[in-house]
Amino acid sequence: MSTIKPPTNNPLGRVMDEDLYRCVHCGLCLNVCPTYLETGLETESPRGRIALMKGLREGRIETSKRVVSHWDLCLGCRACEAACPSGVPYGRLIEGVREQVAKKGATSWRHRLVSAVLLRGLLPRLWALRLLVRMLRLYQRLGIQSIVRGSRVLKVLPGSVDRLERQLPRIPPQFFNVSPQVYSAMGTKRMRVGLLAGCVMPLVHGPTMEAAVRVLLRNGCEVVAPPGQGCCGALNLHSGEGAGARKMARRNIDVFLSAGVERVVVASAGCGSAMKEYDDLLKEDAEYSEKAKRLAEMTVDITEFLASLPLVQPRNRLDLRVTYQDACHLTHAQRISHAPRRLLEAITGLELVEMEDASRCCGAAGTYTITQREMSGQLLDSKMEAVLATGAEVVATANPGCALQLEAGLRLAGSDGRVCHVVDLLDEAYGREE
Ligand code: SF4
Ligand code: SF4
(Lines give C-alpha, C1' and ligand atoms only; values in the text may rest on other atoms or scores of the structure.)
(Ligands and ions follow the chains in the order given, each with its own letter.)
Protein backbone atom coordinates (compact mmCIF):
# COMPACT_ATOMS: atom_id res chain seq x y z
CA MET A 1 0.00 0.00 0.00
CA SER A 2 1.22 3.50 -0.88
CA THR A 3 2.59 5.55 2.01
CA ILE A 4 1.67 8.82 0.31
CA LYS A 5 -1.17 10.49 2.16
CA PRO A 6 -3.95 11.40 -0.27
CA PRO A 7 -5.53 14.88 -0.09
CA THR A 8 -8.72 15.12 1.94
CA ASN A 9 -10.75 16.40 -1.01
CA ASN A 10 -10.85 13.30 -3.24
CA PRO A 11 -10.42 14.32 -6.89
CA LEU A 12 -11.64 10.84 -7.87
CA GLY A 13 -15.10 11.40 -6.42
CA ARG A 14 -16.82 8.08 -5.59
CA VAL A 15 -13.66 5.99 -6.02
CA MET A 16 -12.77 4.52 -2.64
CA ASP A 17 -9.19 4.36 -1.39
CA GLU A 18 -9.63 0.78 -0.17
CA ASP A 19 -10.44 -0.26 -3.75
CA LEU A 20 -7.72 1.83 -5.38
CA TYR A 21 -4.89 0.91 -3.02
CA ARG A 22 -5.61 -2.78 -3.24
CA CYS A 23 -3.57 -2.79 -6.47
CA VAL A 24 0.00 -3.86 -5.73
CA HIS A 25 1.18 -3.30 -9.32
CA CYS A 26 2.10 -6.97 -9.81
CA GLY A 27 1.16 -6.85 -13.51
CA LEU A 28 -0.62 -10.23 -13.53
CA CYS A 29 -3.53 -8.58 -15.32
CA LEU A 30 -1.53 -7.23 -18.23
CA ASN A 31 -1.72 -10.23 -20.52
CA VAL A 32 -5.50 -10.40 -20.45
CA CYS A 33 -6.01 -6.71 -21.25
CA PRO A 34 -7.04 -6.31 -24.90
CA THR A 35 -5.82 -2.70 -25.19
CA TYR A 36 -2.44 -3.57 -23.67
CA LEU A 37 -2.09 -6.58 -25.96
CA GLU A 38 -2.88 -4.40 -29.00
CA THR A 39 -0.62 -1.47 -28.09
CA GLY A 40 2.05 -2.92 -25.78
CA LEU A 41 1.84 0.33 -23.77
CA GLU A 42 1.81 0.41 -19.97
CA THR A 43 -0.53 3.42 -20.04
CA GLU A 44 -3.07 1.29 -21.95
CA SER A 45 -2.95 -1.48 -19.34
CA PRO A 46 -5.01 -1.88 -16.14
CA ARG A 47 -1.90 -1.34 -13.99
CA GLY A 48 -1.03 1.85 -15.91
CA ARG A 49 -4.57 3.19 -15.67
CA ILE A 50 -4.67 2.50 -11.93
CA ALA A 51 -1.28 4.23 -11.54
CA LEU A 52 -2.80 7.30 -13.23
CA MET A 53 -5.75 7.17 -10.83
CA LYS A 54 -3.33 7.07 -7.89
CA GLY A 55 -1.35 9.94 -9.40
CA LEU A 56 -4.49 12.05 -9.52
CA ARG A 57 -5.58 10.95 -6.05
CA GLU A 58 -2.22 11.96 -4.58
CA GLY A 59 -2.13 15.30 -6.40
CA ARG A 60 0.86 14.36 -8.59
CA ILE A 61 -0.96 14.77 -11.91
CA GLU A 62 -3.94 16.68 -13.31
CA THR A 63 -7.01 15.50 -15.24
CA SER A 64 -5.40 16.39 -18.57
CA LYS A 65 -6.75 15.34 -21.97
CA ARG A 66 -3.88 12.89 -22.29
CA VAL A 67 -4.58 11.21 -18.95
CA VAL A 68 -8.29 10.97 -19.75
CA SER A 69 -7.52 9.44 -23.16
CA HIS A 70 -5.91 6.40 -21.44
CA TRP A 71 -9.03 5.82 -19.35
CA ASP A 72 -11.19 6.41 -22.42
CA LEU A 73 -9.46 3.66 -24.37
CA CYS A 74 -10.35 1.14 -21.64
CA LEU A 75 -13.16 -1.16 -22.81
CA GLY A 76 -14.47 -1.73 -19.31
CA CYS A 77 -14.34 -5.44 -20.19
CA ARG A 78 -13.17 -6.36 -16.65
CA ALA A 79 -10.87 -9.13 -17.86
CA CYS A 80 -8.27 -7.58 -15.54
CA GLU A 81 -10.65 -7.81 -12.59
CA ALA A 82 -11.16 -11.53 -13.13
CA ALA A 83 -7.39 -12.08 -13.43
CA CYS A 84 -6.36 -9.98 -10.42
CA PRO A 85 -5.16 -12.05 -7.43
CA SER A 86 -5.54 -9.03 -5.11
CA GLY A 87 -9.25 -8.62 -5.86
CA VAL A 88 -9.02 -5.10 -7.29
CA PRO A 89 -12.61 -4.15 -8.31
CA TYR A 90 -11.45 -2.49 -11.52
CA GLY A 91 -14.98 -2.08 -12.93
CA ARG A 92 -15.98 0.01 -9.92
CA LEU A 93 -12.78 2.06 -10.19
CA ILE A 94 -13.16 2.97 -13.85
CA GLU A 95 -16.88 3.72 -13.49
CA GLY A 96 -16.14 6.06 -10.56
CA VAL A 97 -13.31 7.78 -12.44
CA ARG A 98 -15.46 8.26 -15.55
CA GLU A 99 -18.25 9.80 -13.51
CA GLN A 100 -15.80 12.28 -12.04
CA VAL A 101 -14.22 13.06 -15.42
CA ALA A 102 -17.68 13.67 -16.91
CA LYS A 103 -18.59 15.98 -13.99
CA LYS A 104 -15.48 18.04 -14.69
CA GLY A 105 -16.38 18.20 -18.39
CA ALA A 106 -12.99 16.68 -19.24
CA THR A 107 -14.34 14.10 -21.71
CA SER A 108 -13.69 14.03 -25.45
CA TRP A 109 -16.15 15.64 -27.90
CA ARG A 110 -17.25 12.18 -29.07
CA HIS A 111 -18.13 11.20 -25.51
CA ARG A 112 -20.01 14.43 -25.00
CA LEU A 113 -21.95 13.89 -28.23
CA VAL A 114 -22.83 10.28 -27.34
CA SER A 115 -23.85 11.38 -23.84
CA ALA A 116 -26.08 14.18 -25.07
CA VAL A 117 -27.76 12.24 -27.89
CA LEU A 118 -27.89 8.65 -26.71
CA LEU A 119 -27.37 8.50 -22.95
CA ARG A 120 -29.29 11.59 -21.85
CA GLY A 121 -31.49 11.95 -24.94
CA LEU A 122 -32.72 8.60 -26.22
CA LEU A 123 -32.23 5.99 -23.50
CA PRO A 124 -34.39 7.69 -20.87
CA ARG A 125 -37.07 8.21 -23.59
CA LEU A 126 -37.64 4.82 -25.15
CA TRP A 127 -40.43 6.19 -27.38
CA ALA A 128 -37.82 8.39 -29.09
CA LEU A 129 -35.41 5.47 -29.50
CA ARG A 130 -38.24 3.42 -30.98
CA LEU A 131 -39.06 6.19 -33.44
CA LEU A 132 -35.43 6.39 -34.54
CA VAL A 133 -35.20 2.62 -35.08
CA ARG A 134 -38.48 2.70 -37.05
CA MET A 135 -36.93 5.32 -39.32
CA LEU A 136 -33.86 3.16 -39.70
CA ARG A 137 -36.09 0.24 -40.66
CA LEU A 138 -37.75 2.40 -43.34
CA TYR A 139 -34.30 3.47 -44.57
CA GLN A 140 -33.50 -0.21 -45.08
CA ARG A 141 -36.90 -1.43 -46.34
CA LEU A 142 -37.43 1.37 -48.89
CA GLY A 143 -34.08 0.60 -50.52
CA ILE A 144 -32.51 3.94 -49.51
CA GLN A 145 -29.68 2.07 -47.81
CA SER A 146 -28.78 0.23 -51.03
CA ILE A 147 -28.83 3.51 -52.97
CA VAL A 148 -26.60 5.21 -50.38
CA ARG A 149 -24.19 2.29 -50.33
CA GLY A 150 -24.07 2.13 -54.14
CA SER A 151 -23.44 5.88 -54.47
CA ARG A 152 -20.30 7.84 -53.59
CA VAL A 153 -21.98 9.63 -50.67
CA LEU A 154 -20.27 7.50 -48.03
CA LYS A 155 -16.91 7.76 -49.77
CA VAL A 156 -16.80 11.55 -49.42
CA LEU A 157 -17.65 11.39 -45.72
CA PRO A 158 -15.00 10.47 -43.13
CA GLY A 159 -14.11 6.74 -43.25
CA SER A 160 -15.60 6.20 -39.81
CA VAL A 161 -19.08 7.17 -41.11
CA ASP A 162 -18.78 4.60 -43.90
CA ARG A 163 -17.81 1.84 -41.48
CA LEU A 164 -20.48 2.90 -39.01
CA GLU A 165 -23.16 2.75 -41.72
CA ARG A 166 -21.97 -0.66 -42.85
CA GLN A 167 -22.19 -1.85 -39.26
CA LEU A 168 -25.88 -0.96 -38.96
CA PRO A 169 -27.86 -4.04 -37.97
CA ARG A 170 -30.72 -5.30 -40.14
CA ILE A 171 -33.82 -4.15 -38.24
CA PRO A 172 -36.36 -7.00 -37.91
CA PRO A 173 -40.00 -6.44 -38.96
CA GLN A 174 -41.31 -6.81 -35.38
CA PHE A 175 -40.26 -5.23 -32.09
CA PHE A 176 -40.67 -7.05 -28.79
CA ASN A 177 -43.24 -5.26 -26.63
CA VAL A 178 -43.56 -5.07 -22.88
CA SER A 179 -47.15 -5.55 -21.74
CA PRO A 180 -49.24 -6.58 -18.73
CA GLN A 181 -49.78 -9.95 -20.48
CA VAL A 182 -48.88 -13.01 -18.42
CA TYR A 183 -47.46 -15.89 -20.50
CA SER A 184 -48.50 -19.21 -18.98
CA ALA A 185 -45.97 -21.92 -18.27
CA MET A 186 -46.07 -25.13 -20.28
CA GLY A 187 -46.57 -28.21 -18.13
CA THR A 188 -46.13 -27.92 -14.39
CA LYS A 189 -45.43 -24.37 -13.30
CA ARG A 190 -42.09 -24.02 -11.55
CA MET A 191 -42.07 -20.31 -10.84
CA ARG A 192 -43.06 -16.86 -12.06
CA VAL A 193 -40.25 -14.81 -13.58
CA GLY A 194 -39.96 -11.27 -14.87
CA LEU A 195 -38.11 -10.64 -18.12
CA LEU A 196 -36.05 -7.52 -18.62
CA ALA A 197 -36.71 -6.08 -22.07
CA GLY A 198 -34.25 -3.19 -21.75
CA CYS A 199 -33.73 -0.54 -24.43
CA VAL A 200 -32.07 -1.60 -27.70
CA MET A 201 -32.59 -5.36 -27.53
CA PRO A 202 -36.40 -5.41 -28.04
CA LEU A 203 -35.91 -3.23 -31.12
CA VAL A 204 -32.97 -4.88 -32.88
CA HIS A 205 -33.27 -8.39 -31.43
CA GLY A 206 -37.03 -8.69 -30.93
CA PRO A 207 -37.12 -12.30 -32.22
CA THR A 208 -34.47 -13.26 -29.61
CA MET A 209 -36.63 -11.79 -26.84
CA GLU A 210 -39.56 -13.86 -28.11
CA ALA A 211 -37.33 -16.94 -28.21
CA ALA A 212 -36.34 -16.24 -24.59
CA VAL A 213 -40.01 -16.17 -23.57
CA ARG A 214 -40.75 -19.47 -25.37
CA VAL A 215 -37.72 -21.22 -23.86
CA LEU A 216 -38.69 -20.07 -20.37
CA LEU A 217 -42.29 -21.25 -20.91
CA ARG A 218 -41.03 -24.65 -22.10
CA ASN A 219 -39.10 -24.90 -18.88
CA GLY A 220 -42.09 -24.36 -16.63
CA CYS A 221 -41.87 -20.62 -16.04
CA GLU A 222 -44.75 -18.20 -16.04
CA VAL A 223 -43.33 -15.09 -17.71
CA VAL A 224 -44.13 -11.39 -17.47
CA ALA A 225 -42.34 -8.50 -19.16
CA PRO A 226 -43.92 -5.76 -17.07
CA PRO A 227 -44.64 -2.34 -18.60
CA GLY A 228 -42.95 0.67 -17.04
CA GLN A 229 -39.50 -0.96 -17.08
CA GLY A 230 -36.76 0.70 -19.09
CA CYS A 231 -33.07 0.74 -19.86
CA CYS A 232 -31.01 -0.88 -17.08
CA GLY A 233 -28.57 2.06 -17.00
CA ALA A 234 -25.43 0.06 -17.90
CA LEU A 235 -24.47 2.22 -20.87
CA ASN A 236 -24.85 5.37 -18.77
CA LEU A 237 -22.91 3.91 -15.88
CA HIS A 238 -20.00 2.80 -18.07
CA SER A 239 -19.81 6.26 -19.66
CA GLY A 240 -19.73 8.31 -16.48
CA GLU A 241 -23.44 9.20 -16.45
CA GLY A 242 -23.95 7.86 -12.92
CA ALA A 243 -26.93 10.06 -12.05
CA GLY A 244 -28.84 8.86 -15.11
CA ALA A 245 -27.95 5.23 -14.36
CA ARG A 246 -29.24 5.55 -10.78
CA LYS A 247 -32.51 7.03 -12.01
CA MET A 248 -33.00 4.12 -14.45
CA ALA A 249 -32.12 1.60 -11.73
CA ARG A 250 -34.75 3.04 -9.36
CA ARG A 251 -37.41 2.77 -12.05
CA ASN A 252 -36.63 -0.89 -12.77
CA ILE A 253 -36.49 -1.71 -9.07
CA ASP A 254 -39.99 -0.27 -8.57
CA VAL A 255 -41.39 -2.14 -11.57
CA PHE A 256 -39.90 -5.56 -10.87
CA LEU A 257 -40.38 -5.55 -7.09
CA SER A 258 -44.08 -4.93 -7.61
CA ALA A 259 -44.44 -7.56 -10.37
CA GLY A 260 -44.71 -10.48 -7.93
CA VAL A 261 -41.85 -12.42 -9.53
CA GLU A 262 -39.33 -14.74 -7.94
CA ARG A 263 -36.52 -14.01 -10.41
CA VAL A 264 -35.71 -11.27 -12.89
CA VAL A 265 -34.32 -13.01 -15.95
CA VAL A 266 -32.01 -11.07 -18.24
CA ALA A 267 -30.97 -12.13 -21.74
CA SER A 268 -28.32 -9.44 -22.05
CA ALA A 269 -25.02 -9.94 -20.21
CA GLY A 270 -24.31 -6.22 -19.91
CA CYS A 271 -27.72 -5.48 -18.41
CA GLY A 272 -27.61 -8.46 -16.05
CA SER A 273 -24.19 -7.44 -14.78
CA ALA A 274 -25.40 -3.88 -14.09
CA MET A 275 -28.56 -5.10 -12.34
CA LYS A 276 -26.65 -7.53 -10.15
CA GLU A 277 -24.66 -4.50 -8.99
CA TYR A 278 -27.62 -2.17 -8.32
CA ASP A 279 -26.91 -2.60 -4.60
CA ASP A 280 -23.50 -0.99 -5.07
CA LEU A 281 -24.88 1.69 -7.38
CA LEU A 282 -27.52 2.74 -4.84
CA LYS A 283 -25.71 2.03 -1.59
CA GLU A 284 -25.86 5.71 -0.58
CA ASP A 285 -29.56 6.02 -1.37
CA ALA A 286 -31.42 5.66 1.94
CA GLU A 287 -34.75 4.93 0.26
CA TYR A 288 -33.50 2.45 -2.33
CA SER A 289 -30.41 0.72 -0.94
CA GLU A 290 -32.31 -2.19 0.60
CA LYS A 291 -34.65 -2.59 -2.39
CA ALA A 292 -31.65 -2.45 -4.75
CA LYS A 293 -30.03 -5.29 -2.81
CA ARG A 294 -33.20 -7.36 -3.12
CA LEU A 295 -33.45 -6.81 -6.86
CA ALA A 296 -29.74 -7.54 -7.36
CA GLU A 297 -30.20 -10.88 -5.56
CA MET A 298 -33.23 -11.75 -7.72
CA THR A 299 -31.45 -11.03 -11.01
CA VAL A 300 -30.13 -13.93 -13.09
CA ASP A 301 -28.69 -14.27 -16.54
CA ILE A 302 -30.93 -16.45 -18.70
CA THR A 303 -28.16 -18.98 -19.41
CA GLU A 304 -27.28 -19.24 -15.72
CA PHE A 305 -30.95 -19.65 -14.86
CA LEU A 306 -31.71 -22.33 -17.46
CA ALA A 307 -28.56 -24.29 -16.66
CA SER A 308 -29.56 -24.33 -12.98
CA LEU A 309 -32.87 -26.08 -13.80
CA PRO A 310 -33.44 -29.65 -14.71
CA LEU A 311 -33.57 -28.46 -18.36
CA VAL A 312 -36.33 -29.86 -20.56
CA GLN A 313 -34.40 -31.77 -23.22
CA PRO A 314 -34.77 -30.20 -26.70
CA ARG A 315 -36.29 -32.74 -29.13
CA ASN A 316 -34.98 -31.54 -32.48
CA ARG A 317 -31.52 -32.17 -33.89
CA LEU A 318 -29.54 -29.14 -35.00
CA ASP A 319 -26.71 -30.29 -37.21
CA LEU A 320 -24.67 -27.14 -36.83
CA ARG A 321 -21.05 -26.27 -36.16
CA VAL A 322 -21.19 -23.51 -33.54
CA THR A 323 -18.54 -21.42 -31.82
CA TYR A 324 -19.27 -19.46 -28.66
CA GLN A 325 -18.05 -15.92 -27.93
CA ASP A 326 -17.93 -15.14 -24.20
CA ALA A 327 -19.48 -11.76 -23.50
CA CYS A 328 -17.15 -9.82 -21.18
CA HIS A 329 -19.96 -8.91 -18.80
CA LEU A 330 -20.99 -12.55 -18.55
CA THR A 331 -17.63 -14.25 -18.21
CA HIS A 332 -15.55 -11.58 -16.41
CA ALA A 333 -18.16 -9.53 -14.54
CA GLN A 334 -20.65 -12.32 -13.69
CA ARG A 335 -18.10 -15.18 -13.92
CA ILE A 336 -20.47 -17.29 -16.03
CA SER A 337 -18.80 -19.28 -18.78
CA HIS A 338 -19.90 -22.93 -18.32
CA ALA A 339 -23.67 -22.37 -18.32
CA PRO A 340 -24.04 -21.18 -21.95
CA ARG A 341 -21.75 -23.97 -23.16
CA ARG A 342 -23.73 -26.56 -21.20
CA LEU A 343 -26.95 -25.36 -22.83
CA LEU A 344 -25.42 -25.56 -26.31
CA GLU A 345 -24.12 -29.06 -25.57
CA ALA A 346 -27.63 -30.13 -24.58
CA ILE A 347 -28.69 -29.75 -28.23
CA THR A 348 -28.36 -33.00 -30.16
CA GLY A 349 -26.30 -32.72 -33.33
CA LEU A 350 -24.77 -29.37 -32.39
CA GLU A 351 -20.97 -29.40 -32.52
CA LEU A 352 -19.39 -26.79 -30.26
CA VAL A 353 -15.95 -25.70 -31.44
CA GLU A 354 -13.91 -23.33 -29.30
CA MET A 355 -12.33 -20.32 -30.96
CA GLU A 356 -8.98 -18.97 -29.80
CA ASP A 357 -9.34 -16.45 -26.96
CA ALA A 358 -13.12 -16.73 -26.81
CA SER A 359 -13.15 -14.56 -23.69
CA ARG A 360 -11.25 -11.67 -25.28
CA CYS A 361 -13.44 -8.63 -25.97
CA CYS A 362 -14.81 -8.29 -29.52
CA GLY A 363 -14.58 -4.49 -29.32
CA ALA A 364 -18.30 -3.82 -28.83
CA ALA A 365 -18.20 -2.54 -25.22
CA GLY A 366 -21.33 -0.37 -25.17
CA THR A 367 -20.68 2.92 -26.93
CA TYR A 368 -17.03 2.02 -27.63
CA THR A 369 -17.80 1.27 -31.31
CA ILE A 370 -18.68 4.97 -31.67
CA THR A 371 -16.19 6.62 -29.32
CA GLN A 372 -13.11 4.46 -30.06
CA ARG A 373 -13.66 3.36 -33.64
CA GLU A 374 -10.08 2.44 -34.43
CA MET A 375 -9.43 0.16 -31.46
CA SER A 376 -12.92 -1.32 -31.74
CA GLY A 377 -12.23 -2.16 -35.40
CA GLN A 378 -8.83 -3.69 -34.57
CA LEU A 379 -10.35 -5.93 -31.91
CA LEU A 380 -13.18 -6.94 -34.21
CA ASP A 381 -10.73 -7.88 -36.96
CA SER A 382 -8.78 -10.15 -34.55
CA LYS A 383 -12.04 -11.66 -33.32
CA MET A 384 -13.17 -12.40 -36.87
CA GLU A 385 -9.89 -14.19 -37.60
CA ALA A 386 -10.51 -16.42 -34.59
CA VAL A 387 -14.15 -17.02 -35.57
CA LEU A 388 -13.42 -17.83 -39.21
CA ALA A 389 -10.60 -20.20 -38.25
CA THR A 390 -13.13 -22.47 -36.52
CA GLY A 391 -15.15 -23.04 -39.72
CA ALA A 392 -18.32 -22.57 -37.64
CA GLU A 393 -21.58 -21.66 -39.38
CA VAL A 394 -22.95 -19.99 -36.28
CA VAL A 395 -21.42 -17.72 -33.65
CA ALA A 396 -23.38 -17.95 -30.42
CA THR A 397 -23.22 -15.31 -27.72
CA ALA A 398 -25.34 -14.03 -24.83
CA ASN A 399 -25.20 -10.29 -25.21
CA PRO A 400 -26.90 -8.05 -27.78
CA GLY A 401 -23.94 -5.65 -28.02
CA CYS A 402 -21.57 -8.50 -28.91
CA ALA A 403 -24.15 -9.91 -31.33
CA LEU A 404 -24.35 -6.58 -33.21
CA GLN A 405 -20.57 -6.29 -33.36
CA LEU A 406 -20.11 -9.91 -34.50
CA GLU A 407 -22.86 -9.57 -37.13
CA ALA A 408 -21.09 -6.50 -38.50
CA GLY A 409 -17.78 -8.38 -38.42
CA LEU A 410 -19.17 -11.28 -40.43
CA ARG A 411 -20.71 -8.89 -42.97
CA LEU A 412 -17.48 -6.90 -43.35
CA ALA A 413 -15.56 -10.17 -43.76
CA GLY A 414 -17.98 -11.29 -46.50
CA SER A 415 -19.00 -14.36 -44.51
CA ASP A 416 -22.50 -15.85 -44.72
CA GLY A 417 -22.30 -17.16 -41.15
CA ARG A 418 -24.92 -16.06 -38.66
CA VAL A 419 -24.87 -14.83 -35.08
CA CYS A 420 -27.36 -16.18 -32.55
CA HIS A 421 -28.10 -15.82 -28.88
CA VAL A 422 -27.83 -19.14 -27.04
CA VAL A 423 -31.62 -19.04 -26.47
CA ASP A 424 -32.23 -18.69 -30.24
CA LEU A 425 -30.56 -22.06 -30.75
CA LEU A 426 -32.39 -23.65 -27.83
CA ASP A 427 -35.68 -22.30 -29.18
CA GLU A 428 -34.87 -23.75 -32.61
CA ALA A 429 -34.11 -27.11 -31.01
CA TYR A 430 -37.39 -27.04 -29.08
CA GLY A 431 -39.23 -26.44 -32.39
CA ARG A 432 -40.07 -22.76 -32.20
CA GLU A 433 -43.14 -22.98 -34.45
CA GLU A 434 -45.00 -25.29 -32.06
S1 SF4 B 1 -4.94 -4.77 -10.89
FE2 SF4 B 1 -4.44 -6.63 -9.74
S3 SF4 B 1 -3.32 -7.92 -11.19
FE4 SF4 B 1 -3.33 -5.82 -12.04
S5 SF4 B 1 -1.44 -4.91 -11.29
FE6 SF4 B 1 -3.02 -4.37 -9.79
S7 SF4 B 1 -2.91 -6.00 -8.24
FE8 SF4 B 1 -1.79 -6.75 -10.03
S1 SF4 C 1 -11.31 -3.35 -18.30
FE2 SF4 C 1 -10.47 -4.47 -20.06
S3 SF4 C 1 -9.55 -2.88 -21.37
FE4 SF4 C 1 -9.90 -1.93 -19.36
S5 SF4 C 1 -7.97 -2.20 -18.27
FE6 SF4 C 1 -9.25 -3.97 -17.72
S7 SF4 C 1 -8.72 -5.59 -19.18
FE8 SF4 C 1 -7.94 -3.62 -20.01
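Of the 13 residues around ligand 2, which come nearest? They are Cys33, Arg49, Cys74, Cys77 and Cys80, where a residue is near a molecule if one of its heavy atoms lies within 4 Å of it.

Before going further, a word on the model. This is a predicted model, in which local features need pLDDT of at least 70 and side-chain atom pairs count only at pLDDT 80 or more, while totals for chains, interfaces and linings use all residues. Residues are numbered from 1 along each chain as its sequence is written, chains are lettered from A and ligands numbered from 1 in the order in which they are written, and side-chain values use heavy atoms, with hydrogens and water left out.

Back to ligand 2. Helix H2 (34-39), helix H3 (46-57) and helix H5 (79-83) each supply at least two residues of its shell; helices here are DSSP runs of H or I with at least four residues, and strands are runs of E with at least two, numbered from the N terminus. The shell has nine nonpolar, two polar and two charged residues, with Ala, Val, Leu, Ile, Met, Phe, Trp, Tyr, Cys and Pro counted as nonpolar, Asp, Glu, Lys and Arg as charged, and the others, Gly among them, as polar.

Now look at ligand 1. Cys23, Cys26, Gly27, Cys29 and Cys84 come nearest among the 13 residues around ligand 1. By class, this shell has nine nonpolar, three polar and one charged residues.

Two backbone details are worth a look. Most residues other than glycine have a negative phi. His25, in the loop between helix H1 (17-20) and H2, has a positive phi near 60°. Arg78, in the loop between helix H4 (65-72) and H5, also has a positive phi, of about 65°. His25 is partly exposed, with a relative accessible area of 34%, whereas Arg78 is buried at 7% (buried means under 20% relative accessible area, exposed over 50%, partly exposed in between, with a 1.4 Å probe and protein chains only).

Finally, turn to strand S3 (residues 221-225), where five of five residues are buried. Cys221, Val223 and Ala225 point one way, and Glu222 and Val224 the other way. In a regular strand the side chains alternate between the two faces of the sheet. Strand S1 (residues 179-183) runs antiparallel to S3 and is joined to it by three bridges, while strand S2 (residues 191-195) runs parallel to S3, with four bridges; strands pair if DSSP finds at least two bridges between them. Val223 stands opposite Tyr183 and is also the bridge partner of Val193.
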